[in-house]
Amino acid sequence: MAVLELNQVTKSFGEGHKKVEAMKKTEFKAEKGELIAVIGPSGSGKSTFLTVAGGLQTPTSGEVIINNQNITKLTEKKRSNIRLQEIGFILQSSNLVPFLTVDNQMRLLDKVKKGNMTKEELEQLYNDLGIYDLKQKYPSDLSGGERQRVAIAKSLYSNPSILLADEPTASLDSDRAYEVMELLQTETKNKNTTTIVVTHDTRLIDYCDKVFKMTDGVLALQ
Amino acid sequence: MFLAWNEIKKNKLRFVLITGVLMLVSYLVFFLSGLANGLESLNREAVDKWDATGIVLTEESDKSMPQSSMTIEVADSIDANEIAIIGQLNAVATSAENKANVAIFGIEEDSFIMPEVTEGESFSNENEVIASDTLLEEGFKLGDELKLSSTDEVLKIVGFTESARFNAAPVLYAHLSTFQRVKFGEAAEENENQINAAVIRTDDLSKVTIDDDFELIETETFIENLPGYTEQSLTLTFMIYFLFVISSVIVAIFLYVLTVQKISMFGVMKAQGISNRYLANSVVAQTFILAAIGVVVGFGLTWLTGAFLPAAVPVAFDLVTMVIYGLVLIAVAIVGAVFSVWTIVKIDPLKAIGG
């Protein structure tokens, strides 16, 4: 059963001769336990694909189905709740709250939703990501790479059924990047979730089950 | 609350600054309310002491007791539960060491406007008076002989009573006959029926009927028409209301600037699915914390200042009024936070994360 499904989805911006088709008619399916890479040059529509799939914007036509629920017609409030319950985002820009310590970033999620990781699981995750000693630090005290790892911890902490990552390894050195990909791979298999990584770093595709390529708004399986 | 408090903890300085401003505003509000209250008491204390429903004055006096003049017979003809007649005049009283503006109330000993004596005893002989304890604070003593500006009569203080000032002048309560001697001198006997007004206490003021030449007004209306009373209290009330607006605007500007700085952060949180409601509650909770701390500290400072003020400053703090004003200050601060809530609701998570 598909966890995430895009049927005949298109997304265009603007009107008339200024119209830009960021996503041409797209069919996409992701199953449980799959780690999928979407690669492509910048401006090819990768980010549009990710935000439409994640319910951050509605498609111009077609439908997006998450866990059997068609989210295309839902109100922003309901989509917001689906994002909270089902989706974990790892964004290009660090998605940390500047005035919360690493530990409190996780506690914030406890305040707004249930079903997050247990304390033991979280400590294990901190260890896997090598950020255990940073628990009490604020984002401003962390390096770019550390912030990115905390952001990854945060998105995994809520046990999402779909993890959407936009260039998750952008600010990491090669060794760390591979470690992060290994971690995403393990998490995907162990928790039987779906992870979609949007990247231009072709070295990462070895970790992925499927690789799609986005060129000028057209998504194609490699 | 979680977000609100953690942010305050992390960014202490900026929140201390805004709390400081709110503290100063609330200090000023509390102090002005004390001043308004003090000035009002200065004028109305003696009237409040009557605990009366209304007062009958002559029509042509324009609600001013010194200008009103009637006879005891008129007062006797009024049909009300309780009636107390009163003669009033202003004078300057001089003792051996002190001098003060006073209002002399000529009353009957057995009427309901007879004050409770807190020190000394009641008047029983000619020219004996009960004085407002304000005079005690000014240095007058029991047994002091008072020369008056308008007559040769000499009055003697035999007792004191609490809170008895009328239109800023301490009151001397005397028997009606003493009052008449002071007012009319040798013609006192011919004028023994002359009084200024009749104070009445009744269940239903509308049932009391009086002649056309006279006017029956409620006690509160009478007070409002005391010279300068309404002008003073309106001015101060206006200042207080204006401060409410100012504090609301200060909070609005401050929180708005903070919110605009955090737009991308809020966008990211919204992208993660944290609801507008949670974020809005957080901003409101933060405002509440800041305003509450500011108001409580302001309250404390006001109290402290009050304790060290010289008696000449007419400040009288009324706890109920202060609590109400404090709550209003917190409420208007929260109204100021509405702009920020609105801004947060409008943030498009997509734009904020640069997608």
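**Exercise 1.** Against which strands of chain B do the buried residues of α5(B) pack?

*Solution.* The buried residues of α5(B) pack against β3 (82-94), β4 (99-107), β7 (145-148), β10 (169-175) and β11 (194-195) of chain B. The model is predicted, with local features needing pLDDT of at least 70 and side-chain atom pairs counting only at pLDDT 80 or more, while totals for chains, interfaces and linings use all residues. Residues are numbered from 1 along each chain as its sequence is written, and chains are lettered from A and ligands numbered from 1 in the order in which they are written. Helices (H or I, at least four residues) and strands (E, at least two) are DSSP runs, numbered from the N terminus. A residue is buried if 20 or more other C-beta atoms, placed from the backbone, lie within 10 Å of its own. Seven of the nine residues of α5(B) (residues 176-184) are buried, so this helix is largely enclosed by the rest of the structure.

**Exercise 2.** Determine how α2(B) and α7(B) are oriented to each other.

*Solution.* The axes (lines fitted to C-alpha atoms over the stretch in contact) of α2(B), residues 12-50, and α7(B), residues 229-261, come within 10 Å and cross at roughly 170 degrees. Angles over 145 degrees count as roughly antiparallel, and α2(B) and α7(B) are therefore roughly antiparallel.

**Exercise 3.** Is Val295(B) buried or exposed?

*Solution.* Val295(B) lies in helix α9 (residues 276-308) of chain B. Because Val295(B) has 28 C-beta neighbours inside 10 Å, Val295(B) counts as buried.

Conventions:
A residue is buried if 20 or more other C-beta atoms lie within 10 Å of its own, exposed if 12 or fewer, and partly exposed in between; C-beta atoms are placed from the backbone. Two residues are in contact if their C-beta atoms, placed from the backbone, lie within 7 Å. Axes are lines fitted to C-alpha atoms, for helices over the stretch in contact, and angles run from 0 to 180 degrees between N-to-C directions. Angles under 35 degrees count as roughly parallel, over 145 as roughly antiparallel, 65 to 115 as roughly perpendicular and the rest as oblique.
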